[in-house]
Amino acid sequence: MVTVVTAPILLSPKVAIAMKTDILHTPKSGWKALDPMEKVSVDEMKAKEEFRNYTDSSRHSIVEKHYLMMRQYQTVEYVDRMYAKWHNFDHGKMTIAEAFKKLEGYIDSSDPDADFPNLEHCLQTAEGIRAAGHPEWFQLVGLLHDMGKIMFLWGDDTDGQHGRADSPQWALGGDTWIVGLPIPDTTVFPEFNKESPDLGKFSGLGLYKAKCGLKNVKFAYGHDEYMYRMLVHNKCLIPAEGLAMIRYHSCYPWHDKHEYSVFETDEDRSMKQWVKEFNKFDLYTKGNKRPDVKALWPYYQKLIDKFCPGVLDW
Ligand code: FE
Ligand code: FE
């Protein structure tokens, strides 16, 4: 029996045509291919292959511009400057709840799958992880993983850290890569790699040694590195697996395209499995219905009180 269903929040032109021909009234093969855990958190109307559409999503021009600027400005020198700017955590003092309040208006310009506030995406991710039966710390990682975008409060246009989706955000979100060596062509928009001012400055392993460990390389700067360091600085009780999810989740060339294995340690290889597990929820919950922030908050506040309590340095 064909059931009448509501349309997903975002429709790419391709999906809109499919809707007209009723193709999407039954799950597509992409959705069918997901494992049971993924299905818990995935809107079957938005099949797997419709996520991370970097060719013709409804937000394509914003996303494309974001990645062009990312490639043009994320150099080794820039990343070093951001380390100095952000890693003293002397910008403000807030609880997690207060920081979420500030994040309410933030929309990510690098994301082809979501045009609603980032807080809702964080809750969708956390709820997917919770529904799959993962432990509390993992659920909290779902909630916190994108909070580093809070840098927009103290960021500016020239550093690519502005909080409006139509303004520069190329150092808040977006897929990252390791700076200080050639950029692999498995990044999104590889055609922009030649725009990097670092092009030709590094060859081979660049600034690094084989097996040096991912904790000793520098990624294009963004919310991942900031939030990881912020949680460590504030002595939050999230286990190493959770911290790895936060720190590396934007490096798709590593966890999705098998780049950079030359730098991995045994620990990195085991963390990669956790990052990949997290990534399912980060990505495939974006088509879900918008979460009821008010109703869900008391549950998550308890997790915050357990793992990251009180007023924190940002
Ligand atoms: Fe993220
Ligand atoms: Fe995310």
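Student: How are α8 and α10 oriented to each other, roughly parallel or roughly antiparallel?

Tutor: Good place to start! Keep in mind that this is a predicted model. In general, two packed helices are described by the angle between their axes and by the distance between those axes. Here, helix α8 (residues 136-144) packs on helix α10 (residues 240-248) at about 20°, and the axes are 10 Å apart. Angles under 35 degrees count as roughly parallel, so α8 and α10 are roughly parallel to each other. The crossing of α8 past α10 is right-handed.

Student: Which residues make that contact?

Tutor: From α8 come Trp137, Phe138, Val141 and Leu144, while α10 supplies Gly242, Met245 and Ile246. Sorted by class, this contact has six nonpolar residues, one polar and no charged.

Student: And how do α9 and α10 run, roughly parallel or roughly antiparallel?

Tutor: The axes of α9 and α10 come within 6 Å and cross at roughly 150°, which makes α9 roughly antiparallel to α10. On the α9 side the contact uses Asp224, Glu225, Met227, Tyr228, Leu231 and Val232, and on the α10 side Leu243, Ile246, Arg247 and Tyr248. Seven of these are nonpolar, none polar and three charged.

Student: Where is Cys236 found?

Tutor: Cys236 sits in the loop between α9 (223-233) and α10. Because it has 19 C-beta neighbours inside 10 Å, Cys236 counts as partly exposed; a buried residue would need 20 or more.

Student: What is Cys236 in contact with, beyond its neighbours within four places in sequence?

Tutor: Its partners are Leu231, Phe307 and Cys308. Also, the C-alpha atoms of Cys236 and Pro309 are 7.8 Å apart, although 73 residues separate the two in sequence.

Key: Residues are numbered from 1 along each chain as its sequence is written. Chains are lettered from A and ligands numbered from 1 in the order in which they are written. This is a predicted model: local features need pLDDT of at least 70, side-chain atom pairs count only at pLDDT 80 or more; totals for chains, interfaces and linings use all residues. Axes are lines fitted to C-alpha atoms, for helices over the stretch in contact, and angles run from 0 to 180 degrees between N-to-C directions. Helices (H or I, at least four residues) and strands (E, at least two) are DSSP runs, numbered from the N terminus. Angles under 35 degrees count as roughly parallel, over 145 as roughly antiparallel, 65 to 115 as roughly perpendicular and the rest as oblique. A crossing is left-handed if the near helix is turned anticlockwise from the far one by less than a right angle, and right-handed if clockwise. Two residues are in contact if their C-beta atoms, placed from the backbone, lie within 7 Å. Ala, Val, Leu, Ile, Met, Phe, Trp, Tyr, Cys and Pro count as nonpolar, Asp, Glu, Lys and Arg as charged, and the others, Gly among them, as polar. A residue is buried if 20 or more other C-beta atoms lie within 10 Å of its own, exposed if 12 or fewer, and partly exposed in between; C-beta atoms are placed from the backbone.
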